[in-house]
Structures are given as structure tokens and as C-alpha cells.
Amino acid sequence: MTKTNKGPSEIMKKLFNDEILEGIELAPGYENHASHVWDVKTSCGSFIVRTTNLHNTRETEFWYGCRSLFGIIPFCSDSMMITNDMLRKTSLIPVPKV
């Protein structure tokens with residue numbers, strides 16, 4: 001696998017059961033972007049993986065507002081796991097694995 005950063009490869013290993021053949025970080029064309037986007041090729045196909053680049057966001061007004069208004073913590077994907085698992089069983093379109 002082609003790596004430009006050792007962190008995302010560890011994330012990718014958790015996401016894919018198939019052998020990872022290549023992982024290329026896609027540059028958005030500007031600095032200070034909020035996510036890392038990867039083109040990942042496995043023995044089973046090609047996938048786009050997005051990982052957050054945000055750190056120390058838990059105390060900002062935006063996240064506090066999301067938690068207060070909607071009762072969710074958007075940067076914590078555990079709450080999405082149950083929903084995504086249920087959607088994956090019933091949806092005709094691919095649903096991300098959390």
C-alpha cells in the first residue's frame with residue numbers, strides 16, 4: 001500500500017477486510033481543509049475514505065450548539081453506527097461503515 005501518512009493506513013485496516021493494495025491521499029487544492037480524503041484500492045474494489053482533520057473541536061460554539069439543539073455529538077461517530085447498520089440492511093444504495 002502506498003502511504004503518505006501512517007495514521008490513515010491504520011484506520012483503513014479497520015475499515016476493510018480485503019487486502020489493501022493502494023491508498024492515495026487526494027489533495028483538495030487548498031490548505032487547512034477539514035478532512036483527509038483517500039482513494040483506496042482493495043482486492044475487492046476501489047473506495048473513497050474520508051477522515052477528519054479537525055482536532056480540539058469539542059469546545060467550540062458550533063459543536064456545543066449541535067449538542068444542545070439536536071442532542072448529538074457529530075464528531076463522535078458511535079451514535080451513527082446503529083443507524084448506518086440498520087440502513088445498510090434496507091437501503092439500495094451503499095451506506096458507509098462506521
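Helices (H or I, at least four residues) and strands (E, at least two) are DSSP runs, numbered from the N terminus. With that noted, I counted 3 helices and 3 strands in the chain. Reading along the sequence, I get the pattern α-β-β-β-α-α.

**Ground rules.** I'm looking at a predicted model, where local features need pLDDT of at least 70, side-chain atom pairs count only at pLDDT 80 or more, and totals for chains, interfaces and linings use all residues. Residues are numbered from 1 along each chain as its sequence is written, and side-chain values use heavy atoms, with hydrogens and water left out.

**Confidence.** I checked pLDDT, the predictor's confidence in each residue, from 0 to 100. The chain averages 76, and 78% of the residues score at least 70. Strand 1 (residues 20-26) has the highest mean of the elements, 88, while helix 1 (residues 6-15) has the lowest, 68. Over residues 1-7 the pLDDT stays under 50. For that stretch the model has 13 contacts (heavy atoms within 4.5 Å) beyond four places in sequence.

**Inside.** Next I looked up burial: buried means under 20% relative accessible area, exposed over 50%, partly exposed in between (1.4 Å probe, protein chains only). Of the 98 residues, 21% are buried. A nonpolar core is a set of buried Ala, Val, Leu, Ile, Met, Phe, Trp, Tyr and Cys residues joined through side-chain atoms within 4.5 Å. The largest one here has 6 residues: M12, F16, I20, W38, V40 and V49. I then followed V49, leaving aside residues up to four places away in sequence, and found that V49 touches L15, F16, H36, V37, W38 and V40.

**Salt bridges.** My cut-off was a side-chain nitrogen of Lys or Arg within 4 Å of a carboxyl oxygen of Asp or Glu. The whole structure holds 2 of them.

- K41 meets D39 at 3.0 Å, N to O. D39 counts as buried, at 17% relative accessibility, whereas K41 is partly exposed at 30%.
- R88 pairs with D85, their closest N and O atoms being 2.8 Å apart. These two sit about one helical turn from each other because they are 3 residues apart in helix 3 (residues 78-90). Both ends are partly exposed: R88 has 34% relative accessibility and D85 has 31%.

**How far do contacts reach?** I asked what share of the contacts with a separation of 6 or more comes from residues 24 or more positions apart. The share is 17%.

**Last note.** I went back to strand 1 for L26. L26 is partly exposed, with a relative accessible area of 36%.
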